[in-house]
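Please look over the sequence and the model, and then read on.

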Amino acid sequence: MAAATVNEHLPTPLDATSEPPPLFDGTTRLYISISCPYAQRTWITRNYKGLNDKIKVVPINLQNRPAWYKEKVYPENKVPSLEHNGKVIGESLDLIKYIDSNFEGPSLLPNDHAKKQFAEDLIAYTDTFNKTVFTSFKGDTVKEAGPAFDHLENALSKFEDGPFFLGHEFSLVDVAYIPFVERFQIVFSALWNYDITAGRPKLAKWIEEVNKIDAYKPTKTDPKELVEFYKARFLAQ
C-alpha cells in the first residue's frame, strides 16, 4: 500500500531573481514545475513512496527560470531533475525508476516477470502515445488521436485483476501516463467536445481509480489554466 501523503504547502517557484538553495549540501531535491506533466510523474512517485521528508520539492518558474539552475544544477535546463548524493539526474522516465529503486517505500514495479516486461513495453510507448495525441491537434484531432487512446484501452484489458495497467496494484506505468491523460481528458472535452473515455470503459475506470490515489491528488493542475495554455499553444492562429 502507498504511504500516507501529507498535503504539503509547496514554496513559491524560484525565478530569475531567486537565490539558489544551498546546493549539494546533502539535501535531496526534486526540481519541478508545478504545471509540467513530466515533472508531475516524479512528484507522484515521490509522494506515493512517502518520501516527503526525504526528497524536498523545489518548484522552478519555467517562464523566468533562474540562471543558476542551468549553470550549477542541470545543464539541460529542464525539469524534472533530482539532486541526490552529490549528482544530478534528469529525464522523467529514468527518474521515476531511479526514485523507485533507490529509496524506501512501496515498490512501484512488480516482481512478476510477465508484468515487468509488459511494464517496460508500456513505459517505452509513452513517447509515441504523447506524440500521436499532440500531433493530432494540428489535424483531424479526434480521429487521429483515437488509436492512441484505443491502445491504452487494450493495454488496460491485459490483466483481469485491474483496474490499473498491471492489475490491482498502482505502478510506474500508471505514473507515466496519468499526467498526460489528465490533460488530454480536460482539453479534448473543452476544445473539441469529445470524451476520451467514450466507448473505452477500462480507461474510464482507470482514470476514476487513479483519482482516488492520495499521492496523485495534490499534483493535479488547474483545469482552467490547462485549457488556456493549450488554446494558446496549439490553437492560436
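## Surface and basis

Accessible areas are computed here by the Shrake-Rupley method with a 1.4 Å probe, and for residues only the protein chains shown count as cover. On that basis the protein has an accessible surface of about 11700 Å², and carbon and sulfur atoms account for 50% of this surface.

The model is predicted, with local features needing pLDDT of at least 70 and side-chain atom pairs counting only at pLDDT 80 or more, while totals for chains, interfaces and linings use all residues. Residues are numbered from 1 along each chain as its sequence is written, and side-chain values use heavy atoms, with hydrogens and water left out.

## Overall fold

The protein contains eight helices and four strands, where helices (H or I, at least four residues) and strands (E, at least two) are DSSP runs numbered from the N terminus. Along the sequence their order is β-α-β-α-β-β-α-α-α-α-α-α.

Of the 237 residues, 49% are buried, a term that means under 20% relative accessible area (1.4 Å probe, protein chains only).

## Helix α7

In helix α7, which covers residues 201-210, the buried residues are Leu 203, Trp 206, Ile 207, Glu 209 and Val 210. Seen down the axis of α7, these buried residues fall within an arc of 165°, so they line one face of the helix; the arc is that of the directions from the helix axis to the C-beta atoms.

The buried residues of α7 pack against α5 (141-155) and α6 (172-192), with contact meaning heavy atoms within 4.5 Å.

Note on methods: Buried < 20%, exposed > 50% of the residue type's maximum accessible area, 1.4 Å probe, protein only.
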